[in-house]
Structures are given as structure tokens and as C-alpha cells.
Amino acid sequence: MMLLIEQLARMKKDIFIQKSNLLTCFVCQNLKNMFPPKSKTKKLVYLDHAATTYVNEQVEKAMKPFMAKIFGNPSSLYELGRIANGELNDCRRQVAEILHALPDNIIFTGGGSESDNLAILGVCRKIGNPSADAQGKKGHIITTQIEHHAVLHPCQQLEKEGFTVTYLEPDSQGFVSPKKVLAAIRPETILISVMSANNEIGTVEPIADIGREILKYRKANNSTLPYFHTDACQAGGVLELDVEKLHVDLMTLNGSKIYGPKGVGLLYKRRGVNIQPLIMGGGQEMGLRSGTENLAGIVGFTKALTIAQENRHEENMRLVDLRNYFFEQIQKNINNIKLNGPCLGNESVRLPNNLNVTFIDVEGEAMLLYLDAYGICCSTGSACTSASLEPSHVLTALGLPYEYAHGSLRFTLGHCNTKVDIDYTMKYLPGIIEKLREMSPVNMGKMKHAKYKK
Amino acid sequence: MEKKVIKTDNLKESVDIRGVDGSGWLYSDIVKDHFFNPRNFMQYGEEEKFKFNGMGRVGSPACGDEMVLWILVEKESEKIIDCRWRTFGCGSAIASTSVLSEMIIENGGMLIEEALKIKPQDILERLGGLPVRKVHCSVLGDKALQGAINDYFRHTGQHSRIVTAGKKIIDKVLNITDNDIEEAVLEGARTLEDLQKKLKVGVGDPEAIPQIEELLKFYFEKYYEV
């Protein structure tokens, strides 16, 4: 109790000095207004698995020999090189098996962003031409407003190069319907890119249905175009990645979201799809991605993908329960909130680990900094954390007003989280929101204060 | 002047926020202190009791920052003897309002003549600096204070003292004046987009955009065209 009062005294020192005669009254008032006291042992609660993940122990172990022992260049002819090359081919085969693809469909890259860039810039620069000329080259791309910037920015670059791009508007939960995609196809469309699952709101897009519609369109028009690309970075550990069932021609995956190493990913490319490389040099990866292979990374990535796919059903179920428990607790303890994205169902509509909530009347960065003080990591769609001062393009594409986007927090759960983490978070979150609401002049949730004149 | 005491309870670990371009920055200890231990904000239940005779409001939640400042001016001495605030915004917005509230009521209160002279730079200095891109959006305190003092003048019938001289308010929501736009042009803004990045001008008040574009052209020609 002494400690508590001491802390209070420090907090409200200025007011105390002026109103020392009201001291007792202030203490009473402050007791209920104060932030929850910090726990003596600060815990790290990581609730930002969509940003990146830690490396799984088995993955780390699998990678270790390839740091200093099997360090050979897979292109070298001597034994050390041949061993490395053999390992590389094993990885390619294993990954191909998971995707139900052929080993020569797999291009290992330096991560998800590179794979997206390679798919979009590679296809369009190879077979597209903005001015439909005598050879019948084409230049139209379809994508969605809620893609990751690794897809949106290459599309914007292609617009500068003369291509045209249609950015499909999702519905209020983030879904893009196959119908909408089909309606946007033009005779000159060469590429369609739709993400498998959204990183901010967890919406799982109907990729297989979209793929089927595109197939039908191609058949009806006796054409090989448009190609279909999906960015499946967020889905790597959650959804089935069978490229035949999904009807995709190109697919991006990476290691850093599935408990694998950062800086390694892959682009699945169906045989017959031609792309132009972004990086030229020694001709590795079938000439499509030069540069000495990051073998340790590739081994780790392969291991991580294998583990993630093996355990995905149980893990999905565990995470859905945990996430739903978290949301129930938030609903029970904090008023004036809004769930962003689809309903909290199973992994066919929303990623099992994703929770995106707007806390009305408070701003995201402020919440984030307070949570950080208690060791809780999450992220926000607020503008304050971006250089552009614009709130999240995903949340605004859903039709959310700016003030809602500014007050959003994204929690993404993962392997390390248990109910204990959620309970720890809920010990502090209501108090933080309460305090920031008290400090906030905005009152969209409640009636206006009596003293507001304007 | 009272010696600045930095409270260290919550500050053992630094808060590091990075921009998309990879440039890192750190909130100063003073910013963190004011953020984690805000002074003089209007608490729940205080609205009905707190006496004030001037109120200023600036910003809107759509822009990401909004601030309300209530001041109590002692009529005889023209000193601001008490104030309260509420802010919707990021860490630096909350801290800058808190520090402003401390500035205007310390040492028995600031004369309103002095208070009208407070510039964003003064708040920044006292905060120990802020990352550049946070400055325009989060330091709204001086504008809220000017609004509150004008409100006080209005209340007390001193209409002739209401300060608008030399400045014309262009964006009514953020109280951004032609001077702010001139300054932004001098700092390198060339397009409406640049201006909006710096000042958010026109975001909450789109009607002002034609006028903003006109001013942009005017100041650009004034300073840069031969």
C-alpha cells in the first residue's frame, strides 16, 4: 500500500502541489483511475505472429550443420559442393511434395517480398506489353486493395511502365468474390493476384473458387492467360497448400511466418509459365534467381514448412479456441469495441490466430506503447506507426472510417501462447483502454460530454 | 524554475519506434515520462466540477489527433491559473499536451500575453525533441491554447483582443493558417500531397483544398520562381 501511494504521489505530483488540501480526495479518485500496477516479473507476451515468428527449435537444429560444416557451394563440383547440391535437391523435392508440385516448379528466393515481386514483375515484363501490338501482347493486371505492399507496390511500378491495374474492392469483411474477379477480366488481362489470407484482418480468400473460375475462362476463350498468383505467406502454417486444388499458377511462401528463418522463401511456378528474372548472375534456380543458394535457410524453411503442415489441424483448433477466448474476455471487460474482419469461425473464413479489434475513442500507437510497457507485443493500423501518416490501407478498404482504423489493434497468436498469456494481457488491457479513454476528448461511443460546446 | 525531475518507473526500457524507411528514433525520456505519467488531464467526473473560462479544440479523430484544452484565467492578473486537457492521439501527442499544460500553469500561472507567444518549437524544446514526421501532427497544443484564449476573450467581451492578426485560418478543422503553409513550402513542400504529409491540411476540411493549392502556388512562386 505504501508503494502504491508513493507511485500515485509521483504520478500526480503537480496536482498535489496545487491542491494539497484535497489530497485525500485525490488519492481515492486516483486509485480507480490509475493504471494497473506492473507485475514484479515482467513477462514477454508475444502476440504479433503475423509480423514474424521465432525459429522453431527443430528448425534451428536442422539448420546448424549448414552454417560451418556443410558450407559448400551447391554449384561446385567437388564432394563438398555435391553434398550441398544433394541437400538442396532434397529440400526442393520435399517442398514440391507438400505443394503437390514438381521439383522444378520451385524457385527458392530471398523471402516473401522477393517472391511476390518476381511473380508480378517477372510475368508482366516477360509476356506483357502495355500497348497491344502486332504480336498480341497484353498489359492488364487484376489484384485487390487489401494485398500486402509487396504486391501493391510492384503493381504500382508496372502502372508507371504503362500497364493498367484493377484494384478490386473487398466487401466489409475483406472477401473478394470469384464473381468480382471474373467480372474484372478483360481480353488483355495477363495476371491476377489475390492473397490467400490477409495479414491484418485474417480474411481467408476463396482461392480455389477464384482459380476454378479463371480456369473456366481460359478454357472458354482458348487462352493460356490470365495467370493466377497468390501470396500465401500468412497461410503457410494454416491452410492446405495443394496448388492443384487451388488452381494457382504462381504461389508465394516464406519462412519468417511459419517459425522458419527470415530471408528465405519460394515462388511456386507452374511449368509453362514464363517469367523474367529480377536478379541475374550465376544462373541458379533455373536461371530465374541467381545468387549462391542460402542452403542453411532453405533447409530451415523446408523443415519449418514440413512441421507447420503436419501439425496444422491441431494447431488451428487450439488457436481458434484461444483466440475466441481472448475475444470473449475483451467483450466482457471492455465496452465500445468493434471486431474488424470476418466472424471468428474456422480457418476457412479467418486465420485461426488473427484478432483485429478497434477500441473506439483511443489511438493505436498510444495503446501499443502502454502495452509494450507491460511486455505485451501487438500491432496497430494507426497512421502513427507508418511513415505516410495514413492509416492501414486494409482497414480503410473495408470501408472503416479513419477514426476506427486509428484505434485498431491486431493480435496474432502462435505456438508460444497459452491461456496464461491471454489472462496476463487482460489484466492490463482494460485498465489501459480505460485510462486512454479518460484522456481522450473523442466520444464516438458515448454521448457527448456536457461541457463540449462544439 | 523548478528542476525537471524525470520519473523513471516506466522508463527502464526505451521505446523505439521505427519508420517504414528504416530510420529509427527514440522518444526522449521527457516524452516518455509525460506519456506514462500525464499531468493535468481532465479526469472522469471532473468535467462537472472544473471551473474554466476558455476552451479550445483542434484536430479531429479522422486525422489521428484531436485535442481539447480548458483554461481558467484569473481576470485581475490575466494569468492562467489552472487548466485541463484531453487528447486523442499517439504517444507524442499526449506528451506534448501534458508538457504544455505544465508550462502554462507552473510558477503561479503564465500571463495570457506570454501564453499567446508559445510556439510549437517551445513545446518541442521542453520535450527534448520529437522525430520530424511527428512534429506537425502531434504538436497541436499551441493552436488549442490560442483557441482557448480567444474563447476567454469572447466570454469576457474583449472581442478586440481576439488574435487572428497576420494569419488567416485556411483549414478550419485543424486551425491551419496561411503562415503554416508558407512555412511548409519553405521546408520543401512542393505539391498538395507534400503539404498533407506535413500538415494534414485539408484532410478534415476538404473544402479548403482549392484555397490551399492556390497558396501553395503563390508561395512557391514567391520563393522559388525566378
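**A walk through the model**

Q: Where does A:Pro226 sit?
A: A:Pro226 is found in the loop that runs between α10 (207–221) and β6 (227–231) of chain A. Helices (H or I, at least four residues) and strands (E, at least two) are DSSP runs, numbered from the N terminus.

Q: And what kind of peptide bond joins A:Leu225 and A:Pro226?
A: The bond between A:Leu225 and A:Pro226 is a cis peptide bond, with omega at about 0°.

Q: Before we go on, what should I know about the model and its numbering?
A: This is a predicted model, in which local features need pLDDT of at least 70 and side-chain atom pairs count only at pLDDT 80 or more, whereas totals for chains, interfaces and linings use all residues. Residues are numbered from 1 along each chain as its sequence is written, while chains are lettered from A and ligands numbered from 1 in the order in which they are written.

Q: What is the mean pLDDT of chain A?
A: The mean pLDDT of chain A is 86, and 85% of its residues reach 70 or more; pLDDT is the predictor's confidence in each residue, from 0 to 100.

Q: Which stretches of chain A have pLDDT below 50?
A: Residues 11–33 of chain A have pLDDT below 50, and this stretch has 20 contacts in the model beyond near neighbours in sequence. The pLDDT is also below 50 over residues 447–454 of chain A, a stretch with 7 contacts beyond near neighbours in sequence. Two residues are in contact if their C-beta atoms, placed from the backbone, lie within 7 Å. Where pLDDT is low, the predicted coordinates should not be read in detail.

Q: Switching to domains, how is chain A divided?
A: Chain A is assigned domain 1 (39–53 + 312–439) and domain 2 (70–310), with bounds that come from an automatic or database domain assignment. The C-alpha centres of domain 1 of chain A and domain 2 of chain A are 29 Å apart, and the contact takes 26 residues from domain 1 of chain A and 26 residues from domain 2 of chain A.

Q: Which elements give two or more residues to the side of domain 1 of chain A that touches domain 2 of chain A?
A: They are α13 (312–333), β10 (354–359) and α15 (393–397) of chain A, and the largest share of that side, 4 residues, comes from α15(A). By class, that side of domain 1 of chain A has 9 nonpolar, 13 polar and 4 charged residues. Here Ala, Val, Leu, Ile, Met, Phe, Trp, Tyr, Cys and Pro count as nonpolar, Asp, Glu, Lys and Arg as charged, and the others, Gly among them, as polar.

Q: What about chain B, how is that one divided?
A: Chain B has domain 1 (1–163) and domain 2 (166–226), and 9 residues of domain 1 of chain B are in contact with 8 residues of domain 2 of chain B. Overall, chain B has 9 helices and 8 strands.

Q: Is B:Asn40 buried or exposed?
A: B:Asn40 is buried, because 22 other C-beta atoms lie within 10 Å; the label buried needs 20 or more such atoms within 10 Å, exposed means 12 or fewer, and partly exposed is in between, with C-beta atoms placed from the backbone. B:Asn40 lies in the loop between α1 (29–36) and β3 of chain B, and its phi is near 60°, a positive value in a residue other than glycine.

Q: And what is phi for B:Glu78?
A: B:Glu78 has a positive phi of about 55° although it is not a glycine, and B:Glu78 is in the loop between β4 (65–74) and β5 (79–88) of chain B. B:Glu78 counts as partly exposed, because it has 16 C-beta neighbours inside 10 Å.
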